[in-house]
Amino acid sequence: MAEALRVLYVTSEVFPLAKTGGLGDVSSVLPSTLRQLGVDARILMPAYPDVIARLDARPVGAPVPTLPSLEPVQLFQGILPDAVPGALTPVYAIASPTLYARSGGPYADDSGHDWPDNAIRFAVLSKVAALMGCGAGPDDWWPHIVHCNDWQSGLTPAYLALADSVRARSVLSIHNLAFQGNFSPDLMPALGLPWSCFHPRGVEFYGQISYLKAGLHYADHISTVSRSYAREIQTPEFGFGMQGLLVEANDRLTGIMNGIDALRWNPATDPYLAAPYSSEDLSGKLDNKRLLQARLALEPDPELPILALVTRLTYQKGVDLVLGLVDELLEQPLQWAVLGSGDKAYEAQWRALAEIYPGRVGVSIGYHEELAHLVEAGADLFLMPSRFEPCGLNQMYSMRYGVLPVVRRTGGLADSVVDITPRSLLDGAATGFVFENANREELRACLLRALLLYRDQATWRQAQLHGMRRDFSWAASAARYLELYRTLQPGWSSM
Ligand code: ADP
Ligand code: GLC
């Protein structure tokens, strides 16, 4: 039997061990799906509190020296819990009591302030990945491909480029170009980087060390999470200053749309729902609407359309555009269901609206996996008026759950939602409502169009069924990553 292609998937969050957004979802399903395709994919992540216990992990190898002035770190190995059935995905977790064993989130403390030593915390993640890519990891397993994600593992390709005996090729996936990991150049010695690479054709970006820039510069290949976003980031509007580099890197840049975890996000089997339903029988959706109304203290009226948001409450997501329309839209018979956390000002505004409109605006501030599922099951419209959206997962969850998404035509939203027109309805493609520009007027017009269609339940049902029958599973996208790995390591097949 041919030897399997080995891939180390390096990430700062993996569901269900740590998740702040879509990267957590992607990091658990993509490696597991690759394993189903015969790839020996393994995950590398920091051992945040509980990670070792939840992985049931054991120490592997001797402690590994990483950055010049740090104690060596101990790696542990276990199996990702609740992954794709049949895919026992190994996870290497980097234990360091001083760097990762603290309560709070992966990137910030409980009050939302970034950890002051993030530069070191994620340089260590990057360095361990590079060591494994050189065959100098904790055990004798070494990867053909080191697949890095976002700025947190952006230094890996740089460390690989500087190493003597490299075995692996590197891929860097951009999930969000707005987060760049830019730090003071004073850190160069602590990071073990020579000053010769503090250069525009190296790790330097406008006078700082940029982990993302470093990754983009040194990676053998760059991918991002939709075709449209791959195009957009080559323009000043979406490039966050890195568009020049990305235009230059065009021939090693690929857009591959994310899939969704089609088992966890399936209304027919979702354990968080009041009742299961499917495209064959949608009747259970009404029970979920009732439960959602009860959970968010909304009036128990099954006739009213529920407009929903589940999101990080940030400027990227166009939350301000929605907030500016809530009063006006409440002149119509409808309800709001909002689950989110993020910017404190947006959180306060949503809380205030819930107080002004009891029974009509239901708000839960915080992070609740279970409620996120119930919102999808109980809502009618799901709003994503994002200023930019590399991929977006909730529009796909929405379509799968018979909820019509209202999205701005950008990034992965543009690539996954088909606007409802007489033509697209006829073609069987129509799944939601799409508008062009991120401003309040266009969002308003789009929502009014959606609310009008809600009165035509037969057409509404048609669009629901189109969305529910679309295949958003990972199989096709994981196969594209495999193709990409093979172009970088020709000769390696899968098991
Ligand atoms: P991003 O990664 O930019 O936040 P995505 O659409 O890719 O956006 O993914 C967001 C993920 O996080 C989805 O799985 C969504 O359901 C989840 N999510 C966001 N906010 C919350 C929340 N407050 N509670 C539960 N899940 C949330
Ligand atoms: C990022 C993006 C989001 C994408 C997710 C997973 O957080 O903002 O659009 O879906 O990563 O790739």
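Me: Which residues of α10 and α14 meet?
Reply: Helices here are DSSP runs (H or I, at least four residues; strands are E runs of at least two), numbered from the N terminus, and contact means heavy atoms within 4.5 Å. The model is predicted, so local features need pLDDT of at least 70 and side-chain atom pairs count only at pLDDT 80 or more, while totals for chains, interfaces and linings use all residues. Residues are numbered from 1 along each chain as its sequence is written, chains are lettered from A and ligands numbered from 1 in the order in which they are written, and side-chain values use heavy atoms, with hydrogens and water left out. On the α10 side the contact is made by K285, N288, K289, L291, L292 and R295, and on the α14 side by E370, L371, L374, V375, E376, A377 and G378.

Me: How many nonpolar, polar and charged residues has the contact of α10 with α14?
Reply: The classes are nonpolar for Ala, Val, Leu, Ile, Met, Phe, Trp, Tyr, Cys and Pro, charged for Asp, Glu, Lys and Arg, and polar for the others, Gly among them. On that division, the contact of α10 with α14 has six nonpolar, two polar and five charged residues.

Me: At what angle do the axes of α10 and α14 cross, and what does that make α10 to α14?
Reply: Axes are lines fitted to C-alpha atoms, for helices over the stretch in contact, and angles run from 0 to 180 degrees between N-to-C directions. The axes of α10 (residues 284-295) and α14 (residues 369-378) come within 8 Å and cross at roughly 125 degrees. Since angles under 35 degrees count as roughly parallel, over 145 as roughly antiparallel, 65 to 115 as roughly perpendicular and the rest as oblique, this angle makes α10 oblique to α14.

Me: Is the crossing of α3 and α4 left-handed or right-handed?
Reply: The axes of α3 (residues 118-133) and α4 come within 8 Å and cross at roughly 45 degrees, and the two helices are therefore oblique to each other. A crossing is left-handed if the near helix is turned anticlockwise from the far one by less than a right angle, and right-handed if clockwise. By that convention, the crossing of α3 and α4 is right-handed.

Me: Which residues of α4 and α6 make the contact between these helices?
Reply: Helix α4 (residues 155-162) and helix α6 (residues 211-218) pack at an angle of about 50 degrees, with their axes 6 Å apart. Their crossing is left-handed. The contact is made by Y211, A214, G215 and Y218 of α6, and from α4 by L155, P157, A158 and A161.

Me: Which residue has a side-chain N or O atom 2.5 Å from an oxygen atom of ligand 2?
Reply: A residue is near a molecule if one of its heavy atoms lies within 4 Å of it, and 13 residues surround ligand 2, the closest being H175, N258, E389, C391 and G392. Backbone atoms also approach oxygen of this ligand, with a polar atom of C391 at 3.0 Å and an N or O atom of G392 at 2.7 Å. The side-chain atom at 2.5 Å belongs to E389.

Me: Which residue has a side-chain N or O atom 2.7 Å from an oxygen atom of ligand 1?
Reply: Of the 19 residues around ligand 1, those that come nearest are G22, D25, R312, K317 and G366. A polar backbone atom of H368 is 3.1 Å from a nitrogen atom of the ligand, and one of L393 is 2.9 Å from an oxygen atom. The side chain at 2.7 Å is that of R312.

Note on methods: A polar contact is a pair of N or O atoms within 3.5 Å; within protein, one must be able to donate a hydrogen and the other to accept it, and residues adjacent in sequence count only if both atoms are side-chain atoms.
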